[in-house]
Amino acid sequence: MELMFLGTSSGTPTRARNVSGLAVLAGQGKAWYLVDCGEGTQHRLLRTPLSLRQLGAIFITHVHGDHCYGLPGLLASAGLQGRTEPLDIIAPAGIEAWLISTFDLTETHVPFPLRFHATPGLVTGPPWSAAGLSVSATPLAHRVPSYAYRFTEAAARPTLDRARLAADGVARGPAWGALMRGEAVYHQGRVLTPTDYLRFGQPPQCIVVAGDNAEPTLLGQACEGAQVLVHEATYTQAVACGKEHHGHSSAATVARFAASAGLPNLVLTHFSPRYQIAGRPGLTFEALRAEAAAYYNGTLILAADYDRYRLDKAGQLQRVGSEGGSL
């Protein structure tokens, strides 16, 4: 699985960072998935190899504008670029009516079907799924309903332990096929059980992407078995004090949760524009990093626009480049 960050600022863009947008490359085939679509997301995409014709689905975490104002333009551009395949939009209440009204008022025709799925359905019902990928949702704590999405790739098919089969005198044939299907086999006077001959590889890869959230502990169940958590760290603790009503997390709050959950990789994003590379004391990205690192010892990443990361087979998140030149 891969992550490509299209926007890592909160509220308003800066010269270096756009508002929220994240591409998730997962599952089978060439499809990719968009989590949030702040204003200007389609401009960010122009500097990446991602195509709107191969966009598999859009997931919106909540209705605040810095997470969804880019949707009408992106969808209109997809139509102008020749997209005809239906597109699933998984979003909280209000997004569907807003988009339909916007297209009606602006007389915009989108030449492909939009299939809306209410996010609460992924909380209480079956996950959304595509080829080799399933996505469930978890409610968060924010000023409006906000959600996290858990992306899970299908587990790799098991393989047969051919050396053991040969040692036990089981020649290639129908018995092998039956064992692969999970069926017990009667062979030369004894029963062969699949668990003795099937070898399972790495656990399925799983990434949790959270929307705005003041209580990371709400993600306890969603993060079980996950290798990566992408979570906002809008403020440092000193700045967050007195802003609890904003419904955001500090770097320390997220880091403490990630450490308690045993997450091997933590990616922080959605930074207040007050933080800069060389800002005033306490208002730098290094201050955010240092605060998180005081509580969390795993792989800690502060996301930047266009950065691309790949989750390897060992469950470690590795940077594989910056599509548009990291700013």
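This is a predicted model: local features need pLDDT of at least 70, side-chain atom pairs count only at pLDDT 80 or more; totals for chains, interfaces and linings use all residues.
Helix 4 spans residues 95-105, and its buried residues are Ile95, Leu99 and Phe103. These residues cover an arc of only 60° around the axis, which puts them on the same side of helix 4. An α-helix has 3.6 residues a turn, so residues three or four places apart point the same way. The face of helix 4 turned away from the buried side carries exposed residues, namely Ala97, Asp104 and Leu105. On the buried side, the packing partners are two helices, helix 2 (65-68) and helix 3 (71-80), together with two strands, strand 5 (87-91) and strand 6 (114-118). Just after helix 4, a positive phi of about 50° is found at Glu107.

Two packed helices are described by the angle between their axes and the distance between the axes. For helix 10 (residues 251-261) and helix 11 (residues 285-293), the angle is about 35° and the axes are 8 Å apart. The crossing of the two helices is right-handed. Helix 10 contributes Ala251, Ala252 and Ala255 to the contact, and helix 11 contributes Leu288, Glu291 and Ala292. By residue class, the contact of helix 10 with helix 11 comprises five nonpolar residues, no polar residues and one charged residue.

Arg289 is partly exposed, with a relative accessible area of 32%. Elsewhere, salt bridges that share partners join Glu2, Arg308 and Arg310 into one network.

Side chains of opposite charge can pair when their charged atoms come close. Over the whole structure, ten salt bridges were found. One of them links the side chains of Asp168 and Arg190, at an N to O distance of 3.5 Å. Asp168 lies in the loop between helix 6 (162-167) and helix 7 (174-180), whereas Arg190 lies in strand 12 (residues 190-192), so the pair ties together parts that are 22 residues apart in sequence. Both partners are partly exposed, Asp168 with a relative accessible area of 27% and Arg190 with a relative accessibility of 37%. Another salt bridge joins the side chains of Glu183 and Arg181, with an N to O distance of 3.2 Å. Here Glu183 is partly exposed at 37% relative accessibility, while Arg181 is exposed at 57%.

Leu219 occupies the loop between strand 14 (206-210) and strand 15 (228-232). Despite this loop position, Leu219 is buried, with a relative accessibility of 0%. Leaving aside neighbours within four places in sequence, the contacts of Leu219 are with Thr138, Leu140, Ala148, Val208, Ala210, Asn213, Leu229, His231 and Phe257. Of these, Ala148 is 71 residues from Leu219 along the chain, and the C-alpha atoms of the two residues are separated by 8.0 Å.

Positive phi values also occur at two buried loop residues, His270 and Tyr306. His270 is not a glycine, yet has a positive phi of about 60°. This residue lies in the loop between strand 16 and helix 11 and is buried at 4% relative accessibility. Tyr306, likewise not a glycine, has a positive phi of about 80°. Tyr306 is located in the loop between strand 17 and strand 18 (307-311), and its relative accessible area of 1% makes it buried.

Definitions and conventions: Residues are numbered from 1 along each chain as its sequence is written. Side-chain values use heavy atoms; hydrogens and water are left out. Axes are lines fitted to C-alpha atoms, for helices over the stretch in contact, and angles run from 0 to 180 degrees between N-to-C directions. A crossing is left-handed if the near helix is turned anticlockwise from the far one by less than a right angle, and right-handed if clockwise. Contact means heavy atoms within 4.5 Å. Ala, Val, Leu, Ile, Met, Phe, Trp, Tyr, Cys and Pro count as nonpolar, Asp, Glu, Lys and Arg as charged, and the others, Gly among them, as polar. A salt bridge is a side-chain nitrogen of Lys or Arg within 4 Å of a carboxyl oxygen of Asp or Glu. Buried means under 20% relative accessible area, exposed over 50%, partly exposed in between (1.4 Å probe, protein chains only). The arc is that of the directions from the helix axis to the C-beta atoms.
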